[in-house]
Amino acid sequence: MIDHSGRVAAVTGSARGIGKSIARTLAASGANVAILDVNGDGAQACARELKEECSVITWAASLDISSKEQVVDVFERLTAEIGAVDILVNNAGITTNVNVITEMPMDAWDREISINLSGAFYCAKQVLPSMAERQWGRIVNISSLAGAIGGFGQCSYAAAKAGLLGLTKTIALEHARNNITANAVLPGLVNTEAAAAVPEKLRERITNTAPIRRMAEPEEIANTVSFLASAEASYINGAPIFVTAGAELFTF
Ligand code: NAD
């Protein structure tokens with residue numbers, strides 16, 4: 001049984017989808033959770049729900065992770081109000097920026113890199129000094145299969161998610177001796193509202209690239225994250241963990 005009792009976990013993009021499922025799984029194992037999302041009302045609602053359901057301390061804030069100022073302010077308040085972060089899950093991301101390279105507006109590229117990559121760096125930078133001081137920490141970055149194999153029409157998404165792998169490995173190298181691990185989770189297609197927005201035909205084609213022939217459920221990603229965030233995962237560091245049911249394998 002994984003036990004996160006006494007830990008403070010911050011999960012970005014946790015008002016819905018995979019992030020909410022991660023927050024719920026961590027809270028169900030005893031972690032006090034901070035729900036951080038650009039959708040502030042959604043974050044508050046999720047915090048109320050998990051407090052009721054899991055009897056842990058929950059905390060919520062409206063946060064756009066691409067804003068350096070907001071990240072600094074929210075992590076300062078969070079630390080003062082529920083304690084220093086032991087577990088950071090960089091989950092928030094946008095998946096709607098689809099265009100081939102020749103058609104990708106430069107501003108859209110910049111915006112996606114700032115949310116899907118820079119945001120994770122800003123958040124990690126806020127928690128690492130205190131984790132190092134306390135000689136314990138877990139950072140889990142939600143990358144994507146696209147970060148490893150690219151994605152047609154997803155240049156900024158694939159580049160940002162590949163960038164997260166480099167960030168993860170660098171945190172792993174710089175902080176292993178502080179008992180801090182950093183790992184990346186690479187999901188295939190996951191059954192969330194974001195996936196529901198993908199046109200049905202395309203969703204079916206992507207789903208069929210997984211030998212298991214179904215999407216992942218958010219809980220299947222959350223269970224992996226919960227393990228990586230646990231004390232038991234102490235010797236897993238800098239690892240890209242594919243949660244794809246084998247979609248990256250040759251299949252036909
Ligand atoms: P989602 O769109 O359902 O949820 C994303 C959450 O992030 C939302 O609550 C949204 O408000 C929040 N968010 C968006 N921009 C933000 C910002 N600037 N600051 C703070 N919060 C912000 O998406 P999801 O399907 O749950 O995906 C979650 C993560 O998993 C993303 O990083 C995504 O790239 C990754 N992922 C998803 C899939 C999939 O198939 N769903 C596959 C691989 C990777």
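Guide: A245 sits in the segment after β7 (240-243), where strands are DSSP E runs of at least two residues and helices are H or I runs of at least four, both numbered from the N terminus. This is a predicted model, with local features needing pLDDT of at least 70 and side-chain atom pairs pLDDT 80 or more, while totals for chains, interfaces and linings use all residues. Residues are numbered from 1 along each chain as its sequence is written, and side-chain values use heavy atoms, leaving out hydrogens and water.

Now the backbone: A245 isn't a glycine, yet its phi is positive, near 55 degrees. Most residues other than glycine have a negative phi.

On to the packing. A nonpolar core here is a set of buried Ala, Val, Leu, Ile, Met, Phe, Trp, Tyr and Cys residues joined through side-chain atoms within 4.5 Å. The largest has 32 residues, with L78 among those with the most contacts inside it. Elements supplying at least two residues each include α3 (68-82), α6 and β6, but α4 gives the largest share, nine residues. Beyond its neighbours within four places in sequence, L78 is in contact with A10, A34, L36, W59, G83 and V85, contact being heavy atoms within 4.5 Å. A second, separate core of 31 residues includes I18, A43, W136 and V140.

Conventions. Buried means under 20% relative accessible area, exposed over 50%, partly exposed in between (1.4 Å probe, protein chains only).
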